[in-house]
Each structure stands twice: as structure tokens, then as C-alpha cells.
Amino acid sequence: MKKKIIAAICVILVAAIAGIAIWKFSSSDNGSESGEEITLYADSVGLLTGVGLGAQNRFSGVVEAQNTLKIQLESDQTVKDILVEKGQSVEIGTPLFEYDTEDMNLKLEQANLELEKISNSIDTINAQIDELTKAKKKAAASEQLSYTTQIQEAQMNVKQEEYNYKVKELEIDRLKKSMESSVVTSTIAGIVQEINENPTYDNYSGEMQPFMSILGVGKYRVKGTISEQNMQNLFPGMPITVHSRVDESITWAGVVDSIDTEKPISNNSGYMMESSDVSAQASKYPFYVTLDSSDGLMLGQHVYLEPDLGQEKKDGMWLMSPYIVQGDGDPYVWAAGDGDKLEKRAVTLGGYDEEMDTWEILDGLKASDYIVWPSDDCKKGAPVQKNIGGVSGGMTGGDVDMLPAEGEEGMGPEGNEEIISPDGGDDGMLPEGNTPADDSVPLDDNSPTEGEVLPETEAAP
């Protein structure tokens, strides 16, 4: 069943490429009639075959705690002493910081004085009402209305003061409770991620920074980013394969837990994103992947996220047959040669997959090569335009991270979008043997390293 689905996708892809090719070639006919040189468009072999580049969309991600405690300061309180440091491990009940109770004591004394003043005001007004009631009984008929009006006004003032009394009582109760809990303690076991003594609005998320945040230890999740143009590629419950950036053979399994469309990610993080692609202007949103197991992962580690569509990867390079010209002679493809000029490239074929309509390429092509859809316009020496980052059928989208092909360096020619990670850090491929990004959360001496087993404790989703 999976093979049939993949075969159907390949058929659609071939049809899309053929349609684009026909449109481009038909548009080029007008150019040839007017004496203009025809430009042919070449697609990446790595992208077409899944070698070196990978045939599936990949998204950048970073490992974070599944349970995070973010503490905001009370608006009317000041901090007297911070009892922990950034990077310190804490347990449930560990004191984190202490509020200044001296200021709260002054506020409490002031509130008690105001409460007593309100009580005296109520007594005074009630005494006035008693006097007015007695005077009304002795007054003439022509004065009754005046006394009635004064009594009603005084009664309204009593009700207002009684309301003020209740409000002030609640304020006093809150101050007393704050004084009793002046030392704030941690409600989770974890690591102090950040301490912002003067919280401001975060340039990246646009949200107010917490005074202190603690990353829970145990179960981890992965936070990724997706463009609005690629939103249809993910949905909650979709299986995801998480790839290590250091070793492609190391993977973890998980599912998309949620896509947070309520909090678009801001681009004002101080990083330049130079691109003419409309995807650079598209809104991006965070999504979260829950892992089956977090063994071997570290907080802050950067990874790749790939939708698991049941694809079966075969060894070797398998190319769709329409790209291969097979006549009386040896099979060949039209490839971009030196100076991006078209040339015939002989290829050695291996097995044939009838269901997928692909041939195994044993020799003649590398993942870093670019090939052209065969047509009557393919002539030796014709100029070639490489489709960097996609195929002429429009296979890739705006927020996709693609691995460099064999023999290629970086992400493409100058002018292509610089890839930025969800937290604003360097989101490129780590060099072979490097450790995760520098913004990984510092751990203590007993913290796990990559490859070790992390303890899994219960944490809130």
C-alpha cells in the first residue's frame, strides 16, 4: 500500500515537471522564432533521487523541556534577593527568590489605616441618618421631602463606603498572603534557564520576558518552525522522524503534538534574511513534536524534523525513467556541464523498479549534478538555468531545510535565504563531530551527553 502511494506521488511529480517543462519550452519557441537563445532549466539529481538532499521536506528544530515553569513578578512587588543562578539544578520546593517584605509591611499598615478610616466614615454617616430621621418626625409637612432626600443620599453613601470596606479587606488579605509566601519556590524539578532582573519584551517572540524560567528535566519535546506556505504539510498526530545534525544515522520517532497559529514568530531577531523568495516574507509559526523516547538528546540540541510518510528508502540512486534517454545507443541524460552548458552524460543503469518507474544509476551522475528534462530543444552547448532549492515542478516550499548535496558547500548561491533557527541561533548544518549549538542549556556534572540515556519523569504536556 505504501509503495502504491509513493508511486502515485511520483506519477504526479512527473506530470507536474512535464507540464512545467512543456510550458517553458513552448514559451521558449517564441524566443527561438525571434532569434533569441533558449534557456533550459535543470533539476538537482540529489533532490530528484533522494540522495544527499533527501526527497522529503525537512524543518529545523531545537530540543526543549516538555514542562517549563515561567514565573512573572507581581506588579506591585519588588525582589529582595535571588537565591539561584542561571544553569543551576533545582528540585520541587527549592527557594528561587524572595520578595521585599519591608515594602509590603508599609503597604499593609497603610491599608489598615484606610480600612479604619472607612469604618469611621460609615459610623459618622449612620449617625447623620439617625439625626435626620428624628428631625423629619418633628418637621412640618412642607419640609418632609427635603429630609427624605437627605436621608436617601446618606444611605447611598453608606452603601458606597461598605463596598470600599470590602475591597480594602481583600487587599489586606492579599498583602498578608504575599508576606506569608514572600519566598517563591520551584514547583518542578529542572534547570534554571534564564533570570531577567529587568524583564522587557523579547525581540524574537514579541512577548514579555519572564522574570525566571525553569526547564523541567526528564521528558523532552522538539520545537520546530513552519511557514504559512507549508502549513498543509503538517497536522497534529502526524508521525515525525527526528534526525541528528551530527550523525544522519541517529534518529528519534515522534508525532506532531500541536501547531501554534496564535503566536507567529517575529523576524526582528537581529539576523538579516536576504532573499527575493516570497517565502522569506511569509509568516512562520512554532510547532511541537512529542517524542516516543528522548534517549540521547540534550536540551538546546538542534535537529532536523522530517514528516514520516511511510517512505521506503532504497540503497543507491534511483532516477525517474523519463529523464533517461534510451535509444539504439547507450543510455544518457542531458546534464548541466561546465559553464552551465548542456551536455550529454552517459549513465550506467542497474535494476528497474516497474512500480516506481525508476532506474538505478550505477555510474555517470552524482547528487550534486543537475539534469534537464529531455526535449527537442536539448542541444549540446545550450545554456542551462539551475533550479536551486527545488525542481521545475515546484516540489519544495519556503521553510524547508535541505541538506547540501555531495560535493556542494553551504545552502546555495549568494542571495538565497539564510536559514535561521527557531530561537534565533545559527541553524545551519553542524560540522562533522561538533557538539550541539552553543545556546544549549548548561547542565551540571551529572548531566547526560549525547548518546546517554536520560531519565524519563512525568511532566505536564
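Among contacts in the protein between residues at least 6 apart in sequence, what percentage join residues at least 24 apart?

1. For the protein, the share is 76%, counted among contacts between residues at least 6 apart in sequence. The structure discussed here is a predicted model, and the points below should be read accordingly.

2. Overall composition. The protein contains four helices together with 21 strands. It has 461 residues, and 41% of them count as buried. Its accessible surface amounts to about 25400 Å², with 49% of that area belonging to carbon and sulfur atoms.

3. The pair of helices H3 and H4. Helix H3 covers residues 101-138 and helix H4 covers residues 144-180. Two packed helices are described by the angle between their axes and the distance between the axes. For H3 and H4, the axes come within 8 Å and cross at roughly 160°. Because angles over 145 degrees count as roughly antiparallel, H3 is roughly antiparallel to H4. The crossing in which H3 passes H4 is left-handed.

4. Residues between these helices. What is the division of the residues of the contact of H3 with H4 into nonpolar, polar and charged? The contact has 18 nonpolar residues, 13 polar residues and nine charged residues.

5. Ser182. This residue is placed in the loop between H4 and strand E7, the latter spanning 183-185. Is Ser182 buried or exposed? Ser182 counts as buried because its relative accessibility is 8%, where the cut-off for buried is under 20%. Leaving aside residues up to four places away in sequence, Ser182 touches Phe97, Glu98, Tyr99, Thr101 and Met104. Of these, Thr101 and Met104 fall within the range of H3, residues 101-138.

6. Asp340. A positive phi of about 55° is found at Asp340, although this residue is not a glycine. Asp340 is located in the loop between strand E16 (332-336) and strand E17 (342-346). With a relative accessible area of 30%, Asp340 is partly exposed.

7. Asp357. Which loop holds Asp357? Asp357 lies between strand E18 (348-353) and strand E19 (358-363). Asp357 is not a glycine, yet it has a positive phi of about 55°. The relative accessible area of Asp357 is 31%, and therefore the residue is partly exposed.

Technical notes. Residues are numbered from 1 along each chain as its sequence is written. This is a predicted model: local features need pLDDT of at least 70, side-chain atom pairs count only at pLDDT 80 or more; totals for chains, interfaces and linings use all residues. Side-chain values use heavy atoms; hydrogens and water are left out. Helices (H or I, at least four residues) and strands (E, at least two) are DSSP runs, numbered from the N terminus. Buried means under 20% relative accessible area, exposed over 50%, partly exposed in between (1.4 Å probe, protein chains only). Contact means heavy atoms within 4.5 Å. Accessible areas come from the Shrake-Rupley method with a 1.4 Å probe; for residues, only the protein chains shown count as cover. Axes are lines fitted to C-alpha atoms, for helices over the stretch in contact, and angles run from 0 to 180 degrees between N-to-C directions. Angles under 35 degrees count as roughly parallel, over 145 as roughly antiparallel, 65 to 115 as roughly perpendicular and the rest as oblique. A crossing is left-handed if the near helix is turned anticlockwise from the far one by less than a right angle, and right-handed if clockwise. Ala, Val, Leu, Ile, Met, Phe, Trp, Tyr, Cys and Pro count as nonpolar, Asp, Glu, Lys and Arg as charged, and the others, Gly among them, as polar.
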